[in-house]
Amino acid sequence: MKSFSRAIDRFCNKHRGFGIPRLMLFIVIITAVVFFVGGTGLLNFIRFIPPFVLRGEIWRLITWIFIPTGGGGGLGLGIFFTLIALYVSYMIGTTLEREWGTGKFTIFYLLGVLLHIIYAFIVWFAWSIIVPLTPIFLNLSLFFAFAVLFPDFTFRLFLIIPIKVKWLAILSAAIYLFTMVTGIFGALTGPPGQMLSGLFTALFPLIAIINFFLVCGDDLRALLQPLKAKTSPQVIRFKQETKKVKKDLADKSYRHKCAVCGKTDTEYPNVEFRYCSHCNGYHCFCEEHINSHIHFE
């Protein structure tokens, strides 16, 4: 994942003019138009349907990303929630473009689109099943990327409740997983003739976030790892050797043994033993050799 992300960065540095400026603004505007003026006829005209694409309707390769979550012909309360969703998509998209640069954001989004299309074509060619492509999970991958880069950003849930984006991302991931599990279970327990279609539709969310893991996987791993204090290699080896020696001594009759002469605290209870901090490892010495031994390297 790191090599893939670095390859994208190198490409964008060499081709600074690559990318579609304000890509998310363009997508949001067209989606809003489809929502307000579209109906069943328009939605059917822009949906991704593999056999229609193969017979020449190539616009369907792109137009499916403009299908609104609630369909077309917006009315009533759906208008409010759609406008909120479009605003959040625009805000997240433009923030990612500003953070990554136009080139990297364009690659991230178009890679997600391409993975959707490849998956749908594979399923069609292999099993003649049409997987309904929607931009829901593609836009969710943008949200996950935003949450990784800005985990402490605060949203206003229902325009009232403040909540950090990292908690929303965790909740979304749980819903994401629940949707897949219930979809797979429903497909396996449903009518036999619809099992394959249900399985491919249920597995579809996995395809939708491959681009997220490819581009943001290292950032996610760094975010999940607890912060660790920097420790020198010598200290690390000393601690490891300490654990090993303590384990070995647990089964012995003595606690301390001189690494030079072999005296133990059991045989010589009045002798004082010390451990040398300059030796490489965990080594004990009697009072006679603590200052006269050759340090272990």
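Q: How many helices and strands does the chain have?
A: This is a predicted model, and its chain has 12 helices and four strands.

Q: And what share of the residues is buried?
A: Of the 297 residues in the chain, 38% are buried.

Q: What about the surface, how much of that is carbon and sulfur?
A: Carbon and sulfur atoms hold 65% of the accessible surface, which comes to about 18000 Å² for the chain.

Q: Contacts next. What part comes from residues 24 or more positions apart?
A: Counting contacts with a separation of 6 or more, 65% are between residues 24 or more positions apart.

Q: Let's take one residue. Where is Thr 31?
A: Thr 31 sits in helix 2.

Q: Buried or exposed?
A: Thr 31 has a relative accessible area of 7%. Buried means under 20%, so Thr 31 counts as buried.

Q: Which residues does Thr 31 touch, leaving out those up to four places away in sequence?
A: With those left out, Thr 31 touches Ile 65, Phe 66, Pro 68 and Leu 86.

Q: Which helices supply at least two residues of its lining?
A: Helix 8 (136–149), helix 9 (165–189) and helix 11 (210–224) each do that for the second largest pocket.

Q: Which helix gives the most?
A: Helix 9, with eight residues of that lining.

Q: How many residues line that pocket, and which lie nearest its centre?
A: The lining of the second largest pocket has 19 residues. Phe 144, Ala 169, Ile 170, Ala 173 and Leu 220 lie nearest the centre.

Q: What classes are in the lining?
A: The lining of the second largest pocket has 18 nonpolar residues and one charged residue, with no polar ones.

Q: Now backbone angles. What is the phi of Arg 22?
A: Arg 22 has a positive phi of about 55°, although Arg 22 is not a glycine.

Q: Where is Arg 22 in the chain?
A: Arg 22 is in the loop between helix 1 (2–14) and helix 2 (23–37).

Q: Why does Arg 22 count as exposed?
A: Because its relative accessibility is 60%, and exposed means over 50%.

Q: What about Ser 128, what is its phi?
A: Phi of Ser 128 is near 55°, again a positive value in a residue other than glycine.

Q: Where does Ser 128 sit?
A: Ser 128 is in the loop between helix 7 (102–127) and helix 8.

Q: And why is Ser 128 counted as exposed?
A: Because Ser 128 has 52% relative accessibility, and the cut-off is over 50%.

How values were computed. Residues are numbered from 1 along each chain as its sequence is written. This is a predicted model: local features need pLDDT of at least 70, side-chain atom pairs count only at pLDDT 80 or more; totals for chains, interfaces and linings use all residues. Side-chain values use heavy atoms; hydrogens and water are left out. On a 1 Å grid over the protein atoms alone, a cavity is a set of points where a 1.4 Å probe fits but cannot get out, and a pocket is an open set with protein on both sides within 12 Å along at least five of seven lines; lining residues have an atom within 4 Å of a point. Ala, Val, Leu, Ile, Met, Phe, Trp, Tyr, Cys and Pro count as nonpolar, Asp, Glu, Lys and Arg as charged, and the others, Gly among them, as polar. Buried means under 20% relative accessible area, exposed over 50%, partly exposed in between (1.4 Å probe, protein chains only). Contact means heavy atoms within 4.5 Å. Accessible areas come from the Shrake-Rupley method with a 1.4 Å probe; for residues, only the protein chains shown count as cover.
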